[in-house]
Amino acid sequence: METSRRGFLLGAAGTLATASTIAGTTGSATAATTYQVSTRKVDITPTSSFPMGGYGASGEHASGRVSTGVNEPLMARCTVIWDQGVPNVIVTADVLAFGPTMHRDIRAGVVQLGVASSDFVLTATHTHNGPALIEKLDPYISYNSTSSEIQKIKTYSTQLTAKIIQLVSNTLSATKTSCTLDYRVASADFSSNRAGLPYEERDVPILVARTSSGTPRAVLFGYGSHPVAAGVQTMFDPDYPAEAIKRIEEISPQTFAQFLLGPAGDQNPTVPSGPSPFEASDSLGDGLGKTVRSAITTAGRALSGGIRTDYQRISLPLDVTNTTQNIAAVAQAYDQRFIATAPLNTWEHRHAGKMAAAARNRTFDMAVELPLQVWKFSGSPGLQIVFAGGEVVSGYAVYFRVRNGGAAKLWFNGYSNEVPAYIPSNELLDRAGVGLGAYEAGISSDSPGIAGGSMAVYNHFGHFLRKMSASSPDGVEETFIAALTAMLT
């Protein structure tokens, strides 16, 4: 675990301010703490004729998608919250996801700038009409990219890594604005649970940095719904979050906004019928942006005290029995899928071929590494912000909100730092590849013992382990919950 060098810092007077209201209601703290913010953004849109990320290559797009133009530019955005001179850095980028190499290279570069590792968060907005990147999703397995396309992807990924590090450097040296911070939770209702579970994301957490005049200088806001409102396109587009950002930044020339994607692994937008795909996406974003604008007309609950940050990596177990006999059976199962899926589902076909070879060569992983990060505002009643890697399903957010004071005191984000896989719950794993939720669980009905669905598209050897009895090893759910619980108060 990496913990910030600071710990909980006291306010200038040596005492912590006390909030007078809860999030979601109007009010202010009895003694607000002064912070500073600085912001910057940069265009990260690739050139045209570039391989696109999101949506596995199959059916109409069996050869993958190549961009034909730009509907709206893709951006990387950075906000630095300065707490008694110490920078807390949040970067968001309009890409599907960051894999381990890019994330770790970016993190190392930011640390070299003087930022403590646990004080830096890298998030993806998860647009499905952005560029393909290295590793996650794997360009060959997921998109059927050619060798020349893969070289383009590698070059762009290297350039994007450098561009994000430079963005952080520029933001650290930018003009700082003294501000107070306030937090509230609004609501939006266009997300639905595509896996058939009862959880539907409604919370819109909002953190606002205000100038002395009350003007929002920086607005961090979130929602839990897949940015897929525009559907499968061949033009670059950041989907609904970008339109929401536009509406918020209309507040004043000083206002800067960033979107953080919540626990959207099993959450899809309900897209209005009638408008064109991009118009439908813009409509959802317009509504979300107006919701945030309305909510922050008056200040929410003031945040006070210092910020404590924690970062760690955990290992989530795959359901793989590593015996000679079983691995031989796994190789046979992948061989059978390779033959069966050849004319039907091209990314599962390519994955099966790779995994059959991995089984025979015994070159497979038995676990998935996942980064977890928590930022804590130490004032009373305080706020904890979770930044979980992976495509976390909404049930986890429900679990942790209930146990940590609700959305008023806990803001839960996914798609942070690295996105190695979906992070399913036991509820999804119980279904063993049948019906809704099979994709998110990473289990396919043709052979439930090997990786399927999302675990195939994310290039894993098996699906996640489900704890079967009190005496059996902990599975993905128990491991994730135990690790994050230890990081939260």
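What volume does the largest cavity have? It comes to about 70 Å³. Before looking around it, a word on the model itself. This is a predicted model, in which local features need pLDDT of at least 70, side-chain atom pairs count only at pLDDT 80 or more, and totals for chains, interfaces and linings use all residues. Residues are numbered from 1 along each chain as its sequence is written, and side-chain values use heavy atoms, with hydrogens and water left out.

Let us start with the empty spaces. Rolling a probe the size of a water molecule over the atoms shows where empty space is left. On a 1 Å grid over the protein atoms alone, a cavity is a set of points where a 1.4 Å probe fits but cannot get out, while a pocket is an open set with protein on both sides within 12 Å along at least five of seven lines; lining residues have an atom within 4 Å of a point. Grid points are joined across faces, edges and corners, and a volume is the space filled by probe spheres set on the points.

A search of the whole structure turns up 4 cavities of 30 Å³ or more. The largest cavity has 14 lining residues, and Glu201, Pro205, Arg401, Trp411 and Phe412 are the closest to its centre. At least two lining residues each come from strand 11 (203–210), strand 12 (216–223) and strand 21 (410–413); helices (H or I, at least four residues) and strands (E, at least two) are DSSP runs, numbered from the N terminus. Strand 21 gives the most to this lining, with 4 residues. Sorted by class, the lining of the largest cavity has 7 nonpolar, 4 polar and 3 charged residues. Here Ala, Val, Leu, Ile, Met, Phe, Trp, Tyr, Cys and Pro count as nonpolar, Asp, Glu, Lys and Arg as charged, and the others, Gly among them, as polar.

Arg401, one of the residues closest to the centre of that cavity, also belongs to helix 8 (residues 394–403), where the buried residues are Ser394, Gly395, Tyr396, Ala397, Phe400 and Arg401. Buried means under 20% relative accessible area, exposed over 50%, and partly exposed in between (1.4 Å probe, protein chains only). After helix 8 comes Gly405, with a positive phi near 90 degrees.

The largest pocket has a volume of about 380 Å³. It is lined by 21 residues, with Lys136, Asp365, Ala367, Asn459 and His460 closest to its centre. Helix 1 (100–112), helix 7 (346–361) and strand 18 (367–377) are the elements that give two or more residues to this lining, and strand 18 gives the most, with 3. The classes divide into 10 nonpolar, 3 polar and 8 charged residues.

The second largest pocket has a volume of about 260 Å³. Among its 17 lining residues, Tyr55, Gly56, His128, Tyr422 and Tyr439 lie nearest the centre. Its lining holds 9 nonpolar, 6 polar and 2 charged residues.

Leaving out residues up to four places away in sequence, Ser454 touches Tyr422, Tyr439, Glu440 and Gly442, where contact means heavy atoms within 4.5 Å. Is Ser454 buried or exposed? Ser454 is buried, with a relative accessible area of 0%.

Another serine, Ser444, sits in the loop between helix 10 (438–441) and helix 11 (453–457). Ser444 is buried too, at a relative accessible area of 12%. A polar atom of the Ser444 side chain lies 3.1 Å from the backbone nitrogen of Gly453.

Next, the nonpolar cores. A nonpolar core is a set of buried Ala, Val, Leu, Ile, Met, Phe, Trp, Tyr and Cys residues joined through side-chain atoms within 4.5 Å. The largest one has 65 residues, and Val89, Phe98, Phe120, Leu160, Ile206, Phe221 and Leu288 have the most contacts inside it. Helix 3 (residues 147–172) gives the most to this core, with 7 residues. Apart from it lies another core of 48 residues, including Ala195, Tyr396, Leu410 and Phe464.

Our last stop is Arg313, in strand 17 (residues 307–317). Arg313 counts as partly exposed, at 28% relative accessibility. Its side chain makes a polar contact of 2.9 Å with that of Glu418 and one of 3.2 Å with that of Tyr311. A polar contact is a pair of N or O atoms within 3.5 Å; within protein, one must be able to donate a hydrogen and the other to accept it, and residues adjacent in sequence count only if both atoms are side-chain atoms.
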